[in-house]
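Me: I've got this one open on the screen and would like to talk it through with you. Could you take my questions as they come?

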Amino acid sequence: MPVSNEEFRRALANFASGVTVVTTVDSSGEKFGLTVSAFCSVSLEPPLVLVCIDRSTRCHHAFGESRRYVVNFLSESQRALSERFATQLTEKFEGVDHHSNPEGLPVLDDAVAVLECRLRNEYDGGDHTIFVAEVERAAVKGGKPLLYFGGEYGRLGD
Ligand SMILES: Cc1cc2nc3c(=O)[nH]c(=O)nc-3n(C[C@H](O)[C@H](O)[C@H](O)COP(=O)(O)O)c2cc1C
């Protein structure tokens with residue numbers, strides 16, 4: 001018998017993760033971004049990562065159009081940004097410190113670390129799509145990461 005939705009969610013809430021904002025653009029250059037905890041490193045050689053994106057999100061189509069994305073690891077002081085990018089606001093980047101990378105994708109200025117990625121493969125992941133990408137540039141600013149556990153935000157040492 002398959003696990004119930006409630007049991008599955010309750011179990012998953014016991015997995016602690018970092019929090020990222022994943023950004024991309026569509027074919028017209030419009031900027032998109034969403035809060036993502038389903039990030040994972042995949043391979044060192046070549047350098048691969050994955051993110052799982054809900055098919056029902058506004059940004060989902062943009063990943064296939066630009067075939068690029070940026071993973072911004074949030075710092076413990078960026079909880080408000082996580083909340084903002086988890087909404088369906090149309091102007092998510094307004095008032096948010098960011099710049100465009102050479103490919104025109106938004107990069108958040110105060111992230112702990114940033115991975116700029118080129119899409120390599122996409123896989124069916126049920127109601128999500130698994131986007132596997134090669135990391136072309138990586139930058140580390142430093143600082144302490146924002147954590148997510150039990151449906152709540154936390155900090156190292158809490
Ligand atoms: C802590 C946290 C983690 C999340 N992780 C994911 C995720 O891994 N994948 C995903 O598709 N949505 C995730 N979401 C939900 C999206 O951020 C949310 O659906 C967002 O509004 C989508 O934006 P859009 O529809 O404007 O593209 C997460 C939300 C929160 C608060």
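Me: To start with strand E2 (residues 20-25), how many of its residues are buried?
Reply: In E2, 6 of its 6 residues are buried, so the strand counts as mostly covered, where buried means that 20 or more other C-beta atoms lie within 10 Å of the residue's own, exposed means 12 or fewer, partly exposed means in between, and C-beta atoms are placed from the backbone. Strands here are DSSP runs of E with at least two residues, helices are runs of H or I with at least four residues, and both are numbered from the N terminus. Please keep in mind that this is a predicted model, in which local features need pLDDT of at least 70 and side-chain atom pairs count only at pLDDT 80 or more, while totals for chains, interfaces and linings use all residues. Residues are numbered from 1 along each chain as its sequence is written.

Me: Which residues of E2 point which way?
Reply: Thr-20, Val-22 and Thr-24 point one way, whereas Val-21, Thr-23 and Val-25 point the other way, and all are buried. In a regular strand, side chains alternate between the two faces of the sheet.

Me: And which strands does E2 pair with?
Reply: E2 pairs with E3 in the antiparallel sense over 6 bridges, and with E6, also in the antiparallel sense, over 4 bridges; pairing requires that DSSP finds at least two bridges between the strands. Thr-23 has Gly-33 of E3 as its bridge partner, and Val-22 has Val-71 of E6. The hairpin of E2 and E3 has 5 residues between the strands, and there Gly-29 takes a positive phi near 90°.

Me: What is Leu-74 in contact with?
Reply: Leaving aside neighbours within four places in sequence, its contacts include Val-19, Val-21, Leu-81, Ala-111 and Leu-146, a contact being two residues whose C-beta atoms lie within 7 Å.

Me: Switching to the ligand, which residues are closest?
Reply: The closest are Ala-38, Asp-54, Thr-57, Arg-58 and Cys-59, out of 19 residues that surround the ligand, a residue being counted if its C-beta atom lies within 6 Å. Strand E3 (31-36), strand E5 (48-54) and helix H3 (79-85) each give two or more residues to that shell, and E3 supplies the largest share, with 4 residues.

Me: Is Arg-67 buried or partly exposed?
Reply: Arg-67 is partly exposed, because 16 other C-beta atoms lie within 10 Å.
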